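This report looks at how two parts of a chain meet. The sequence and structure come first, and the account of the interface follows.

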Amino acid sequence: MTENLSPLYSQLLDVIASVEPRVAQATAQELADQRASLKLIASENYASLPVLLTMGTWLSDKYAEGTVGHRFYAGCRNIDTVESVAAEHARALFGADHAYVQPHSGIDANLVAYWAILNHRVESPTLSRLSAATVNDLGEADWEALRTEFNRQRVMGMALDAGGHLTHGFRHNISGKMFQQRSYGTDPTTGLVDYDALRATALQFRPLIIVAGYSAYPRRLDFARLREIADEVDATLFVDMAHFAGLVAGKVMTGNEDPVPHAHIVASTTHKSLRGPRGGFVLSTKEYADAVDKGCPMVLGGPLGQVMAAKAVALAEARSAAFQTYAAAVAANAQTLADGLLRRGVRLVTGGTDNHLLLIDLTSFGLTGRQGESALLESGIVTNRNSIPHDPNGAWYTSGIRLGSPALTSRGFGAAEFDRVADLIAQVLSQTSPATTRDGGPSQAKAVLPDGLAARVKAQAAELLEAHPLYPGLELSLPVA
Ligand SMILES: *Cc1c(COP(=O)(O)O)cnc(C)c1O
């Protein structure tokens, strides 16, 4: 069905070019660039053409603030359909009581979740003092008291350098300004989450919310254990599955590793391992459903109709047997990549992976993350630098490289290809050295590769990529570099 989309896409680019040729050119070039690089960024993927096409329609032109059947604008019946279908697929796919598919991104989904929890859980002396009759005559002092009551709450999330996310209470994110935060880390010897230490912190700190989820932790979590701890301190368990939603959808993470049966609230992106459009959603138990549905007007304005439509298409795809095969391959490929790197002397945080991502510890090569990242990029391998626990090089240069298997698995890479990728990465990292600064010391930023290495690796990467084309058969009329 998608084989013959070349004329359609070429026409589309012509239409765009008739208004702004530079945008048409950049769009065509982006496809060429993505086709020509080994994409190992753990948070990225390739959505299907049906998902991408669904985003380019007039559903974008409609305002639909509110919820299905309860909108603040007239004429929303088609947006109602699209939103209901997306929510129906989300509920069925994840076995959730409730799904809210309006958030525009993962961060938006997290803000919706946080405010749903605050609105549902915070007992506000100021609010309970007010009757329906007096609620409209709040004085300045009442407003100040309300802000304090909602903003002095406590949240516990995974430390950023252990793999947590900015939105889990980091001080430069709004979550760190909304909440008092205490983080939990990983065991210094194993690199794994230490549930006993986490429980001890929870008992002492008494958080309203425990957030579980990560962007750079290469292991699965035990959500049953986390719920037990949350119950013990009367906290709400909020799971941010932005990164690993695809593995939950594809039934790779089941039982204690499936957050949905254990958490009160789950938030996610749709564009990472789930392979949908850029966006977010929130799942919840029945008790939190009404509070979640107040995402608009609490945090969000009008939903993106065209993106909710694309979420519906992506979630429908994720309910297929083919998606389960994909998710299993994502996990198996990450394992192959990890084994291949370990065998070639590359150190990994926690010694491996059991999800879709892994974290290289570059300290044994004497390189910073910044140097590793740029040496790999020069060789046609796209990754991102990342802190490792207790990083000696800080959050800017870092000492780690994060790798993920979702995107190349979407291109059809299997075990043989991922082992070749491990070989290419190990070749680059083991032969790269820090540049020398003007005063003779090692640079933290610049790296030096031996002559010809980047070109050789690029050529080998190109062979792998040509054997597994991205969007096979799609040819564009615009010339690219
Ligand atoms: C990516 C990510 C987000 C944010 O998603 P955006 O769509 O970029 O806003 C939130 N939480 C976690 C754990 C993530 O990995």
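## The interface between the domains

The C-alpha centres of domain 1 and domain 2 are 31 Å apart. In this contact, 27 residues come from domain 1 and 27 residues from domain 2, where contact means heavy atoms within 4.5 Å. The chain is divided into domain 1 (58-318) and domain 2 (321-467), with bounds taken from an automatic or database domain assignment.

The model is predicted: local features need pLDDT of at least 70 and side-chain atom pairs count only at pLDDT 80 or more, while totals for chains, interfaces and linings use all residues. Residues are numbered from 1 along each chain as its sequence is written, and side-chain values use heavy atoms, with hydrogens and water left out.

| Property of the interface of domain 1 and domain 2 | Value |
|---|---|
| Area buried | about 2,100 Å² |
| Share of that area from carbon and sulfur atoms | 57% |

Buried area is the accessible area (1.4 Å probe) that two parts lose on being put together, summed over both.

Across the interface of domain 1 and domain 2 the rule finds 1 salt bridge (a side-chain nitrogen of Lys or Arg within 4 Å of a carboxyl oxygen of Asp or Glu). D354 forms a salt bridge with R219, and their closest N and O atoms are 3.6 Å apart.

On the side of domain 1 that touches domain 2, helix 11 (245-249) and helix 14 (305-318) each supply at least two residues. Helix 11 gives the most, with 3 residues. Helices here are DSSP runs (H or I, at least four residues), numbered from the N terminus.
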